[in-house]
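Here's a quick briefing to read with the model open beside you. Take a look at the fold, then work through the points by topic.

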Amino acid sequence: MQIERKILLIVNDPGQESLFIKALNDIDPKARLDRAENAERAMKKIARAHQRQEKRPYDLIALSVCLDGKITGMDFLEISQNVFPKIPTIILERPLRLADCKLQINEVLTSKGVQDEFQEKYATERETTTGENTMVCHG
C-alpha cells in the first residue's frame, strides 16, 4: 500500500499553480494537493493541523513570495517554520520553469532524510517529523 504525500501549495498566480501541478504530477501523481491562494487561508490550514497536534501535517509546502493579503509569502514561511520547523519548503519565484520546479520537488521528496522520515512517519502513525529544508525554485 502506497501512502500519498500531502503538499500545501500557496500561490495566487494561475500560471505558477498550473506549472507546479504539472511538475508534481510528473514526479508523484498520487500526491494530495491542498491549495490556498493567500497566506491567511494557508495559516488557517496550518492552525487546524496544530490544533489536532499534528507534528507534520504536510510533506512539502510550496509558496509564492508575492501573495495577496496582509501576510506575504516570506511572513508565512517564518510563521510556519516556527510552528512546524521540519516541513520541507520550496519558495516559488518568477520566472518559474518546469524543469527547475521538477528538480526542486524531486530533490526535496527523494532526499534520504525526507524518504526515511516519510516511511517512518507512516509506520508510527504520524508521530515523527523530517529534516528541515527550504529551497528556492526559479528560472
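In what follows, a contact, or one residue touching another, means heavy atoms within 4.5 Å. This is a predicted model, so local features need pLDDT of at least 70 and side-chain atom pairs count only at pLDDT 80 or more, while totals for chains, interfaces and linings use all residues. Residues are numbered from 1 along each chain as its sequence is written, and side-chain values use heavy atoms, with hydrogens and water left out.

**The big picture**

- You'll find 5 helices and 5 strands in the protein chain; helices (H or I, at least four residues) and strands (E, at least two) are DSSP runs, numbered from the N terminus.
- Follow the sequence and the pattern reads β-α-β-α-β-α-β-α-α-β.
- The protein chain has 139 residues, and 45% of them count as buried. Buried means under 20% relative accessible area, exposed means over 50%, and partly exposed is in between (1.4 Å probe, protein chains only).
- Take the contacts between residues at least 6 apart in sequence: 79% of them join residues at least 24 apart.
- The accessible surface of the protein chain is about 7,300 Å², and carbon and sulfur atoms account for 50% of that. These areas come from the Shrake-Rupley method with a 1.4 Å probe; for residues, only the protein chains shown count as cover.

**Cysteines**

- How many disulfides does a search of the whole structure find? The search comes back with 0, where a disulfide is a pair of cysteine sulfur atoms within 2.5 Å.
- C66 has a relative accessible area of 48%, so C66 is partly exposed.
- C101 has a relative accessible area of 0%, so C101 is buried.

- β1 pairs with strand β2 (residues 32-36) in the parallel sense, over 5 bridges; two strands count as paired if DSSP finds at least two bridges between them.
- Across that pairing, L8 is opposite D34 in β2.
- To get from β1 to β2, the chain crosses through helix α1 (residues 14-27), and this β-α-β crossover is right-handed. That label applies if, with the strands pointing away from the viewer, the path from the first strand over the helix to the second runs clockwise.
- β1 also pairs with β3 in the parallel sense, this time over 4 bridges.
- Along that pairing, I7 is opposite L60, and L9 has A62 as its bridge partner.

- In β3, 5 of its 5 residues are buried.
- L60, A62 and S64 take one side of β3, I61 and L63 take the other, and both faces are covered.
- β3 (residues 60-64) runs parallel to β4, and 4 bridges join them.
- Among the residues facing each other there, L63 is opposite I91 and S64 is opposite L92.
- β4 spans residues 89-92; T89 and I91 point one way, I90 and L92 point the other way, and all are buried.
- Together, β3, α3 and β4 make a right-handed β-α-β unit.

- Which residues of α3 (residues 73-83) are buried? They are G73, F76, L77, S80 and Q81. Those residues cover an arc of only 125° around the axis, which puts them on the same side of α3; the arc is that of the directions from the helix axis to the C-beta atoms.
- L77 lies in helix α3, and L77 counts as buried because its relative accessibility is 10%.
- L77 and A39 are 38 residues apart along the chain, with 9.2 Å separating their C-alpha atoms.
- I71 is in the loop between β3 and α3.
- I71 and A39 are 32 residues apart along the chain, and their C-alpha atoms are separated by 5.7 Å.
- Leaving out residues up to four places away in sequence, I71 touches A39, E40, M43 and F76.
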